[in-house]
Amino acid sequence: MQDALLKIWGLKKRYGSLEVLKGVSTDIHSGEVVVMIGPSGGGKSTFLRCMNLLETPDEGLVYFDGVDIVSADEAQKNRIRSEMGMVFQHFNLFPHLSILDNITLAPRLVRKLKPEAAEKKAMELLDRVGLADKAKAYPQQLSGGQKQRIAIVRSLAMEPKVMLFDEPTSALDPEMVGEVLDVMKDLAKNGMTMVVVTHEMRFAREVSSRVLFLEGGRIAEEGTPAEIFGSPKSDRLRLFLGKVSM
Amino acid sequence: MSAFLEDFALCFVKNGRWQYLVNGLGVTLEVALAAIAMGLVVGFLVAVVRSSHDKYGHFPVLNFLAKTYLTVIRGTPMVVQLLITYYIILRSVDSKIAIAILAFGLNSGAYQAEIIRAGIVSVDPGQMEAARALGLSYWRAMTRIILPQAVRNVLPALGNEFIVLMKDTSIVGYIALIDLAKGGDIIRSQTYSVYLPYLTVAGVYLVLVMTFTALLGRLERHLRATGADPVHNDS
């Protein structure tokens with residue numbers, strides 16, 4: 001197997017006296033769709049946020065594309081982050097910018113793309129998620145599901161090597177979850193490398209290539225969706241799966 | 001009625017005394033607008049240093065200097081600061097207008113800094129995270145994402161500070177600079193008439209402030225017409 005796109009080894013993170021990650025290791029290969037499940041407080045989001053250094057790990061190594069990113073300097077970190085997309089639970093669109101400006105800002109500023117080129121790319125992506133008519137709108141004029149699809153497009157405009165999703169459907173009204181998951185499924189089908197923290201078990205079951213069950217700051221169990229959902233080994237995973245609706 | 005007209009002629013027409021008010025108004029506007037601009041520059045820098053330090057521990061030395069500056073400026077009266085600037089710090093400088101602009105600009109900078117800092121703190125932390133996750137540097141994220149939203153959130157408070165500053169410039173007479181207030185005072189001293197000079201000066205300040213308030217109101221409505229409602233910000 002080729003070298004992993006993301007290599008994470010022995011990751012530890014504590015907030016004050018609370019140890020959120022107690023030594024987490026995994027490799028994420030190109031084209032994989034890794035879903036992280038587990039009870040809240042189990043460290044899923046923190047683990048994800050360490051991957052693009054929104055959180056600085058206290059201990060452990062993160063290699064992205066063969067580069068040690070924990071000890072990289074600021075300029076390197078910015079470059080690395082620009083190659084990793086991230087989608088947040090609360091969308092975090094920029095409310096003072098139009099949808100088009102939300103999408104083209106980073107390509108123009110970070111990738112130095114010409115405005116016309118950035119806009120052309122943005123319109124193609126908007127078209128792909130069915131929101132081309134919203135280019136001139138502002139975020140507050142959109143529904144939650146539309147905002148999240150725009151947030152995904154904003155990340156995709158940077159042509160990332162991996163997309164990180166931090167509970168992308170948790171803040172949505174139930175009827176809007178589907179439209180966002182559809183976009184994510186489409187991405188997965190087209191070979192995008194994805195790491196997804198979610199409570200959507202059906203998505204995990206249908207789309208993921210590997211599932212990590214995080215509990216108490218550790219990867220408590222790991223396997224294919226069939227293994228995790230079909231024959232969970234640990235009691236804690238069985239208990240967790242019993243509590244979440246499928 | 002004729003007594004009023006006589007008084008009016010004495011105060012404003014005779015010897016071209018109206019010029020005290022017109023020239024004084026020019027000085028008031030020059031000092032106020034330049035000091036507002038200077039205060040904004042100082043305010044932005046200090047606010048960014050302070051909030052970056054509080055949130056991420058950046059710039060410990062600059063933060064110490066900024067805090068000292070805020071304490072001294074906010075802890076001493078404006079008049080005293082103006083006199084110290086004139087008689088001690090810049091005693092070799094000839095231009096009283098430049099001295100007044102510097103003193104008022106530095107003073108207002110301290111207040112604007114705290115207002116803008118409150119604005120920065122009010123912006124959802126997710127905005128900085130989203131900007132950084134896209135690969136923007138800290139400064140780019142600050143200037144392109146955080147500050148525009150911060151300013152919009154505190155525009156009413158900033159406008160209030162501009163109005164206070166505009167009226168505060170009426171103490172520049174302490175360094176013998178002839179602004180609108182001092183101009184009215186000179187007319188009073190030459191004519192022994194108190195009502196017309198002072199009431200006219202007060203009226204001109206009032207019109208200035210009302211005009212300024214209206215302009216700010218338009219700017220606020222314009223910003224609200226685009227971007228989100230800053231209070232309910234779940235974008």
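**Ground rules.** I am working with a predicted model, where local features need pLDDT of at least 70, side-chain atom pairs count only at pLDDT 80 or more, and totals for chains, interfaces and linings use all residues. Residues are numbered from 1 along each chain as its sequence is written, chains are lettered from A and ligands numbered from 1 in the order in which they are written, and side-chain values use heavy atoms, with hydrogens and water left out.

**Entry 1: around A:S82.** I found A:S82 in helix α2 (residues 74-82) of chain A. Helices (H or I, at least four residues) and strands (E, at least two) are DSSP runs, numbered from the N terminus. Leaving aside residues up to four places away in sequence, A:S82 touches A:V110, A:R111 and A:M158, and also B:A133, B:L134 and B:G135 of chain B. Contact here means heavy atoms within 4.5 Å.

**Entry 2: where the chains meet.** I noted 24 residues from chain B and 30 residues from chain A in the contact. The buried area is about 2300 Å², and carbon and sulfur atoms give 58% of it. That area is the accessible area (1.4 Å probe) that two parts lose on being put together, summed over both. I also looked for salt bridges, meaning a side-chain nitrogen of Lys or Arg within 4 Å of a carboxyl oxygen of Asp or Glu. The rule finds two across this interface. B:R132 and A:E74 meet in a salt bridge, 3.0 Å from N to O. On the chain B side, α6 (125-133) and α7 (138-168) each supply at least two residues. The largest share, seven residues, comes from α6(B).

**Entry 3: a closer look at α6(B).** How many of the nine residues of α6(B) are buried? I can write down seven, so the helix is mostly covered by the definition of buried. Among them are B:M128, B:A131 and B:R132. The buried residues pack against α2, β6 (84-87) and α5 (144-156) of chain A, together with α2 (18-56) and α7 of chain B. At the N-terminal end, B:D124 caps the helix, with a side-chain oxygen 2.8 Å from the backbone nitrogen of B:G126. After the helix comes B:G135, whose phi is positive, near 100°.

Entry 4: A:R79 pairs with A:E83, the closest N and O atoms being 3.2 Å apart. A:R79 is partly exposed at 40%, whereas A:E83 is buried at 16%. In chain B, B:E114 forms a salt bridge with B:R117, also listed with closest N and O atoms 3.2 Å apart. Both lie in helix α5 (residues 96-122) of chain B, three residues apart, about one turn.

**Entry 5: a sheet in chain A.** I traced an open sheet of four strands in the order β2-β1-β4-β5, with antiparallel pairing. Two strands pair if DSSP finds at least two bridges between them. Five bridges join β1 (residues 6-15) to β4 (residues 59-64). A:W9 stands opposite A:L61 in β4(A).

Methods: Buried means under 20% relative accessible area, exposed over 50%, partly exposed in between (1.4 Å probe, protein chains only). A polar contact is a pair of N or O atoms within 3.5 Å; within protein, one must be able to donate a hydrogen and the other to accept it, and residues adjacent in sequence count only if both atoms are side-chain atoms.
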